[in-house]
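Here is a short report for a reader meeting this structure for the first time. Have the sequence and the model open as you read.

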Amino acid sequence: MSWITKTLTSSIGRKIIMSVTGLFLCSFLVIHLVGNLQLFKHDGGAAFNAYSHFMGTNPIIRTIEWVLVLGFGFHIYEAFALTRRNKAARGHGYAQWKAEQNSEWTSRNMGILGTIILIFLIVHLYNFFWRARFAGDLPKMGGVDLETADYDNLYLAVVSSFHIWWYVLLYVAAQISLGYHLWHGFRSGFQTLGLNHRKYMPLIKYAGYVFAVVVSAGFASMPLYFFLFTNERGDVVSNAPAFIQSVASAF
Amino acid sequence: MAGSNPNAKPMNLTLNVWRQPNRSTEGKMVEYKVKDISPEMSFLEMLDVLNEDLLHAGTDPVAFDHDCREGICGSCDLFINGRSHGPEKGTTTCQLHMRKFSDGDTITIEPWRANAFPVNKDLSVDRSAFDRIIQAGGYVSVNTGGVPDGNEIAIPKDIADRAFEAATCIGCGACVAACKNASAMLFVSAKVSQLALLPQGKPERKTRVENMIEQMDKEGFGACSNIGSCAAECPVGISLENIAILNREYISAKATSNNLA
């Protein structure tokens, strides 16, 4: 075994892969969230569809997409490898175990939270990514503009999916899991890379809490908004609260 | 009567104790009653009372590890009511006193649980895995020669203090016992960062961390997931910052050492 594989399969090496991929996936979440905010633009999905067409066809984005696939792949693979090692390290459990008195629930249950996110990810990828990229069964935008008429109307697919109650429920549950996952994961990623300094760790810790809440609440707001306040075409319904009406009309 | 403090009254307790005759036989929890336990006793003295009772009854006494009973040696190692060294923060089992419990309590006492720490008998575990990790690199090699001057090697006060904080690790294994992953990284990190901070540790800095981590993995300890149970249960307060230092040391050693194996 070369020194590289030996390093990367050691306990610290695997942790480093976890943290590097985890922090990389955090950067993906920011981009995904910011891009998806275009769902809230009241233009019948024109901006969102143009954006998703760009993301699906631009050669640079398509190349980076493979890095993203590898990021998810290694993060999930190392999670399984580390969990196996860690479970094997204690063959005989305790009769009484009071870990809640010395640590946070989220930090001890990253695997469960990650599994919920993985299930969500499979459903999510199938419903939007697979249909847009491979199945090709999405409705087209149509309209007078010849350039955009042939674009997939992903906006309509998103909005109609967000009117299925169990789908909304899965999304919200997954975003709560993601929030807790990031609550521990963000700070943990820095710690694993050795980036723990008494001057900066409090900042990293609270930045991680804010990141976890903003990202998960941001993603969860999308299915909730369309389920509660719009019709199946994405128009705000007349009985939506006045505050939502006024914000929607501003965009 | 022992005054108005209700805690000063002798206590009667129920103990659930792990009994295991030897390494190869499966053990089980056994219930015992102990009477007239003074709140002033240490936890180990309470176990001495139990063992006296067991001896009088002609039964095998409970084996448990202990030595100095002053919180210095790191020998005592009981998992009490689901916590390393019991409910009190920053103490070893020998420094835990019965005043922390109340009359009529049931106390569960188990050995450290980790595959790298096999149970010898009852509550006594074999922690020689820690010794082997230290042997792999947790030392500085000193050649004989003339005696160096007292202040020849300048070490700034704050560095000396941080190295000393790490050096206070008594190697009891509470971190491994409390960790969900049975990871030994707090222990290893205390030794690695202590020696990495000091000039005496510099010559062997890279090989030390490489060899100690290799040995740690070989012993079958888990990997750290930054939960923090270890630092919370550590009787001498070794901080998680040391694990970050360990990771840093390991990454830079692996990236720059001349060791190709």
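## Where the chains meet

Between chain B and chain A, 33 residue pairs are in polar contact, both partners being at pLDDT 80 or more. The model is a predicted one. Several elements of chain B each supply at least two residues of the side that touches chain A: strand E5 (106–111), helix H4 (174–178), helix H6 (205–218), helix H7 (229–233) and helix H8 (241–256). H8(B) gives the largest share of that side, nine residues. By class, the side of chain B that touches chain A has 27 nonpolar, 13 polar and twelve charged residues.

The contact draws 52 residues from chain B and 37 residues from chain A. About 3800 Å² is buried between the two chains, and carbon and sulfur atoms give 49% of this area. Three residues stand out on the chain B side. B:Arg113, B:Lys180 and B:Asn226 supply 16% of the area that chain B buries against chain A, more than any other three residues.

## Salt bridges

How many salt bridges are there between chain B and chain A? The count is three. A:Arg198 forms a salt bridge with B:Glu241. Their closest N and O atoms are 3.1 Å apart.

## The largest nonpolar core

In soluble globular proteins, nonpolar side chains tend to be buried together. The largest nonpolar core here has 42 residues. Within this core, B:Val176, B:Val188 and B:Phe221 touch the most other members.

Both chains take part. H2 of chain A gives two or more residues to this core. So do helix H2 (128–137), H4, helix H5 (185–197), H6, H7 and H8 of chain B. H5(B) gives the most, with six residues.

## A buried arginine

A:Arg14 sits in helix H2 (residues 11–36) of chain A. Is this residue buried or exposed? A:Arg14 is buried, because its relative accessible area is 13%, under the 20% cut-off.

Leaving out residues up to four places away in sequence, A:Arg14 touches A:Leu8, A:Thr9, A:Tyr77, A:Glu78, A:Ala81, A:Leu82 and A:Arg85.

## An exposed lysine

B:Lys33 lies in strand E2 (residues 28–37) of chain B. B:Lys33 is exposed, because its relative accessible area is 54%, over the 50% cut-off.

Neighbours within four places in sequence aside, B:Lys33 is in contact with B:Leu13 and B:Thr14. The side chains of B:Lys33 and B:Thr14 are joined by a polar contact of 3.3 Å. B:Ser225 is 192 residues from B:Lys33 in sequence. In space the two are 39 Å apart, C-alpha to C-alpha.

Methods
Residues numbered from 1 in each chain as written. Chains lettered and ligands numbered in written order. Predicted model: local features only at pLDDT ≥ 70, side-chain atom pairs only at ≥ 80, totals over all residues. Heavy atoms only, no water. Helix = DSSP H or I, 4+ residues; strand = E, 2+ residues; numbered from the N terminus. Buried < 20%, exposed > 50% of the residue type's maximum accessible area, 1.4 Å probe, protein only. Contact = heavy atoms within 4.5 Å. Buried area = accessible area lost by both parts, 1.4 Å probe. Salt bridge = Lys/Arg side-chain N within 4 Å of Asp/Glu carboxyl O. Polar contact = N/O pair within 3.5 Å; in protein donor to acceptor, adjacent residues only side chain to side chain. Nonpolar A, V, L, I, M, F, W, Y, C, P; charged D, E, K, R; others polar. Core = buried A, V, L, I, M, F, W, Y, C linked by side-chain atoms within 4.5 Å.
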